[in-house]
Amino acid sequence: MLCPLLFLSAFIVLAGAQQQTISESSVLDISSCPITYYGQTYGKLYANFTREVIAFCFDKFYNPGNKGDCIIGSSPDKRRAVLSIVQADSFLERWIRNKTQTIQNSLRCSVQIIMPIRHLTMILNLFNFGTEAALSLEAHGTGLVALQTRVSDVVIDTLAVNNVLNKYRNDTVDISGCRHSGTVYKPGTVVNSDPQICSNVTCSETATLQTSGCGPLEYCQGNGICRLASTCTVTGPTVIDVHGHMNSIQDRCAYSLFSTPLLPDFLVLGNFRERRRKDVSFLDSVTLRVDGHDIHLEQGGRVQLDDSTLTLSSSSQLVHGVQLSKDQTGVTAELTKLSISVFFDGDTAQIVLKGQAGSSVEGLCGNSSSSLSDLRLSEYSSTSCEMQYSEPADTTIDCTSVTERCNLLKEAPFSSCNTDIDPEPYITACTDTLCKYPAVDGLNCQFLKAYARACSLHNHTLDGWTSNTGCSSEAFCQDRTCSDHEFCGEKTVSGDTRCFCRTIFASKYQANNSLGDAAVCKENTASVTLVGCLLEDKDINYSALQLNDPTCRGQVDELTHMVTFSFNSSNRCGTVVTTNNSYIIYKNTIRSQNYSDVITRKDQVQIDFSCVYSQPSIHTATFRIRDWSVAQRITSGAWNYTLTIKAYTDAGRTQLVEWNSELQLNEKIWMVLKTDGLDGSMVSVVTDSCWATDKASPTSSPRHDLIINGCANPADPTVQVEENGLATSTYFSFNMFRFTGGSSDIFLHCQLHLCPKQGNNCIPTCNTPARVRRSASLTYEPEAPAFISVSWTY
């Protein structure tokens, strides 16, 4: 009768085996029952017979001196064997466990090899227990058989069976183990240990290689001792440093959060800004200063390197030694060489300091003796950031209800974390802020979320905290980008978000009941810029606005969200031109498309804006006639134009009077009054009067009129007005003269005005009566050439 093992094996083989015949050198497929041989899993067996041995190797055929993973036994007298893949059986599993006393996993299958050796039959069984394995050697008959297990030609275990009197014998060994650096380790042994880095590598009881060390928020102090890493939380206006102490920021400046002498070129700073109230500041962005570059972590998950926007994903991206990644909860930046991690979700920053970094912390996150003014960073702050405001209390806030909400941090599931992280600083920050500022824009959950994440860093999962509080672990306003004068907030109670104007920025417009800036007028172009977030406050869609011409719409700047309406000389957009005593007025209107409808259920927009040309006043400039031209720039509000006066000696106005020109008395000259910068299609220049004096003052006497009421002086037959009021230049001519009995200098003064062409005839109407003799005070007789000083006013 067979013993239990041999009988059971034979029964199972007959019930469901896959057999392969072995002869000489054979490669056997055992992938349906792979064997983990001392920590290495194999799906093939290389069997070969030599004169001295039979070898079953896992990685290659056996050859003396060729190191491999092999089972070596005495060569049989008949070089043949049969391999079978055998099903698992619970009785056999218990039997193997009892024999080895070390196997813990369940039996999955086995590989059985049967071969004749002289006067007995040898059965070799390889048992698959997952990460574990066992080898048994059975012998039936009379004689001695033995096997060695080898790894890289090093003998690990030996099995031997010596049968006498034709009895059944067997031997079994646990061939489980772990490999580390080419060495085999038995289950339950320490592979490697380094107390200086708190590292232990062990081969577990189930033959898996395990590495243990300090936890994710711990660092090795040495001598095998792990210490908890330091965490600094910045949320709202509050900084909770690595020691649990609080600091509150009251202004809108940038502050140093973390720096260390270990890395002088690295700095983490927080930028604080206002939102809906002037007297409450919030952490608005986090900047990492590294190697002279700024990495900005901003609301909405936007990350900028200096002035360039980075595109991030859950896969980390290395930027100047910082590993950057982004997911639905926020952005993480890790400086690996100093074991610093910075997380920012748009509202809360958490800085985790491991290793040496946690032992030397400066800035608001450390136990710094520096004052707030010492930690304020002026180069990252606005000049007015220190100004503090006072606003009336919000009477709609129920501070008692707020306090109950914040005290949830002492209740389950948060209470499971209270022993590791003190909730009191978070509760204080929560109540101080929400008793003053409305619980909008995700603020009702912000402090709870900050505490929950700090707990998660200490391996507290806080199951169900989001459902218990009605909060989300995802970042608020993720992927919504607002401009510098805006912040992202809740548009509706349903959670929709948009960009809102910061209250200090908006106040300058609200004080004037304005939606934008004053008109900008330059170079024949007029524009008005409206503030996008102010329009949204009034539920005004900028795309539904137009100028007088419905085809003229506003253009939105995607970066600033400002909306600009404009017109110019080539596209006037329905501009209306009017005049009064002092100005030429170009007027247009921004209006709603349906402004003329009888009824409406939305705010209607009508914003008038205008640009003006000032009417010229009297100015006097002196030059000698040989100075060929004089220019004067006239400023009229925001639109400017230049008036140039030139003198010519020919009717075609091609020969300028140069500095060395010699002019004779009674010689005819042509004067050109020309403007640059005016829209000739809308306005013309009219010369009302020109007169000459012998002194610089336009009111001095004697005086001689050349042009009166836009027409040539009938008393001077040499004066001819050739073009006046037709365009943006005027022309006239006269014969040179000087005043008798006085100075040879002549000062010429002209009075002009601008005339809108729309609905007006700007050309003066002149009569041509009989000429009258010149004044006796004027002399035209020829004489030696004289340098005559001429001056004019415009």
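Is Asp 153 buried, partly exposed or exposed, and at what relative accessibility? At 34% relative accessibility, Asp 153 counts as partly exposed, where buried means under 20% relative accessible area, exposed over 50%, and partly exposed in between, for a 1.4 Å probe and protein chains only.

This is a predicted model, in which local features need pLDDT of at least 70 and side-chain atom pairs count only at pLDDT 80 or more, while totals for chains, interfaces and linings use all residues. Residues are numbered from 1 along each chain as its sequence is written, and side-chain values use heavy atoms, with hydrogens and water left out.

Most residues other than glycine have a negative phi, and most peptide bonds are trans. Asp 153, although not a glycine, has a positive phi of about 70°, and this residue lies in the loop between β12 (143–151) and β13 (154–163); helices (H or I, at least four residues) and strands (E, at least two) are DSSP runs, numbered from the N terminus. Asp 479 is likewise a residue other than glycine with a positive phi, near 70°, and is found in the loop between α7 (465–469) and β36 (486–490). With 54% relative accessibility, Asp 479 counts as exposed.

| Peptide bond | Omega |
|---|---|
| Ala 412 to Pro 413, cis | near 5° |
| Ser 701 to Pro 702, cis | about 5° |

Pro 413 has its place in the loop between α4 (399–406) and α5 (424–434), whereas Pro 702 sits in the loop between β50 (683–693) and β51 (703–708).
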